[in-house]
Amino acid sequence: MSYAHPEVLVETDWVAQNPPNEKRRLVEVDYDPENGYRKGHIKGASLIWWKRDVNDPVTRDIVNKEQFEKLMTKNGITPDSEVILYGDFNNWFAAFVFWVFKYYGHKNIKIMNGGRKKWELEKREYTTEEPQIAPTQYTAQNPDEKIRAYLDSVKGSLGKPNIVMVDVRSPKEFTGEITAPPEYPTEHAQRGGHIPGAKNIPWATAVNDENGTFKTVEDLKKIYSEKGVSSDKNVICYCRIGERSSHTWFVLKYLLGYQNVVNYDGSWTEWGNMIKNPIEK
Amino acid sequence: MKNKLSQDLPVIKKGSFYFIKDSDTHLIMEDKTKRGLTVRERSLDEKTNVEADKGMIHDLDGIGHWVPIRWFFPKKDYTLEKVLAHAEEMEKKYKELRELTCPDDDE
């Protein structure tokens with residue numbers, strides 16, 4: 001059985017054989033570009049830095065439509081471009097940027113299965129040379145709010161049987177033993193725990209540990225259906241800052257074909273800090 | 001002995017922010033603020049000039065920085081007093097930081 005939308009994934013072999021050109025753009029998405037892109041990237045790839053390029057510098061929000069258009073222009077992307085994303089941290093931030101591309105209506109967008117991890121395991125080449133990219137014109141679509149959840153809608157969904165929340169953080173974050181792993185001391189919340197009623201299905205259960213690629217449809221269906229996350233439900237995915245949850249959002253929406261899946265990018269750093277928000281441990 | 005798990009070793013001195021542990025060959029100073037951080041490499045710490053277990057923490061921009069978690073001071077070169085001087089320097093730095101940031105507990 002194949003994925004519901006196999007067209008959104010490409011393999012490392014394919015990327016190696018199909019270099020970027022005017023119509024096909026390759027973009028590395030990093031959380032930590034100093035230890036990623038700048039140390040070496042796939043030839044022809046440009047960089048999207050999650051923190052600086054995809055987030056508004058003042059308001060806690062993703063970039064607005066105009067900022068997104070400027071980002072596309074800078075990366076030589078047109079509305080018709082085929083865009084291949086890959087990145088560090090098991091493609092967490094590539095998946096987040098995939099979600100942002102979809103939010104602004106870009107159609108032809110793909111993820112390289114396994115990201116940097118698999119590329120490196122296969123000992124494929126990197127370069128430190130940055131490509132010369134001619135700026136383009138880009139007009140984005142209006143935001144597709146059907147794929148995004150906000151605090152109020154998450155609050156409003158508490159206790160509703162047709163809505164299931166998937167907390168994709170680690171079990172220790174879910175139970176409140178920790179609020180963030182020690183590697184991320186700037187991403188804590190006031191309280192530990194999870195949104196009441198949420199199911200804990202860590203993002204990593206969707207990938208093969210040895211190379212970061214996605215598991216088979218059969219395996220994925222089993223993982224999510226066993227926890228009551230079925231295609232007839234409205235699914236809200238969240239994590240700590242919305243990046244790991246966009247990875248699970250991608251799995252549910254594009255690999256399993258669930259119709260109603262949203263990413264709550266405010267995630268635990270919003271929910272766990274808000275006055276009057278209930279939590280469970 | 002450096003490879004023996006440090007949690008199994010006796011603590012011979014401790015402060016609010018450090019432990020000093022005793023192995024057969026080394027005095028091991030641990031930074032308590034780095035508890036739980038994954039050790040990603042063991043290499044020379046240029047500040048102390050001894051080997052250290054190091055992990056990576058990410059700043060507000062997401063950039064990773066190597067930080068020492070525990071330092072291995074060879075007993076043949078270092079007395080407890082010498083290691084304690086390093087530990088107290090670290091303690092002072094964290095206490096000053098705590099005063100600046102006013103945390104809500106003592107840990």
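Helices, here H or I runs of at least four residues, and strands, E runs of at least two, are DSSP runs numbered from the N terminus. The model described here is predicted.

**Helix α3 of chain A**

Helix α3 of chain A spans residues 65–74, and its buried residues are A:Phe68, A:Leu71 and A:Met72. Viewed down the axis of α3(A), the buried residues fall within an arc of 100°, so they line one face of the helix. The cover over the buried residues of α3(A) includes β3 (46–49) and α2 (50–54) of chain A. Just after α3(A) comes A:Gly76, with a positive phi of about 70°.

**Domains of chain A**

The domain assignment divides chain A as follows.

| Domain of chain A | Residues |
|---|---|
| domain 1 | 6–143 |
| domain 2 | 146–271 |

Taken over C-alpha atoms, the centres of domain 1 and domain 2 of chain A are separated by 23 Å. Contact between them involves 18 residues of domain 1 of chain A and 17 residues of domain 2 of chain A.

On the side of domain 1 of chain A that touches domain 2 of chain A, α4 (92–103) and α5 (115–121) of chain A each supply at least two residues. Helix α4(A) gives the most to that side of domain 1 of chain A, with 8 residues. Sorted by class, the side of domain 1 of chain A that touches domain 2 of chain A has 10 nonpolar, 5 polar and 3 charged residues.

Technical notes: Residues numbered from 1 in each chain as written. Chains lettered and ligands numbered in written order. Predicted model: local features only at pLDDT ≥ 70, side-chain atom pairs only at ≥ 80, totals over all residues. Buried ≥ 20, exposed ≤ 12 C-beta atoms within 10 Å, placed from the backbone. Arc of directions from axis to C-beta. Contact = placed C-beta atoms within 7 Å. Domains from an automatic or database assignment. Nonpolar A, V, L, I, M, F, W, Y, C, P; charged D, E, K, R; others polar.
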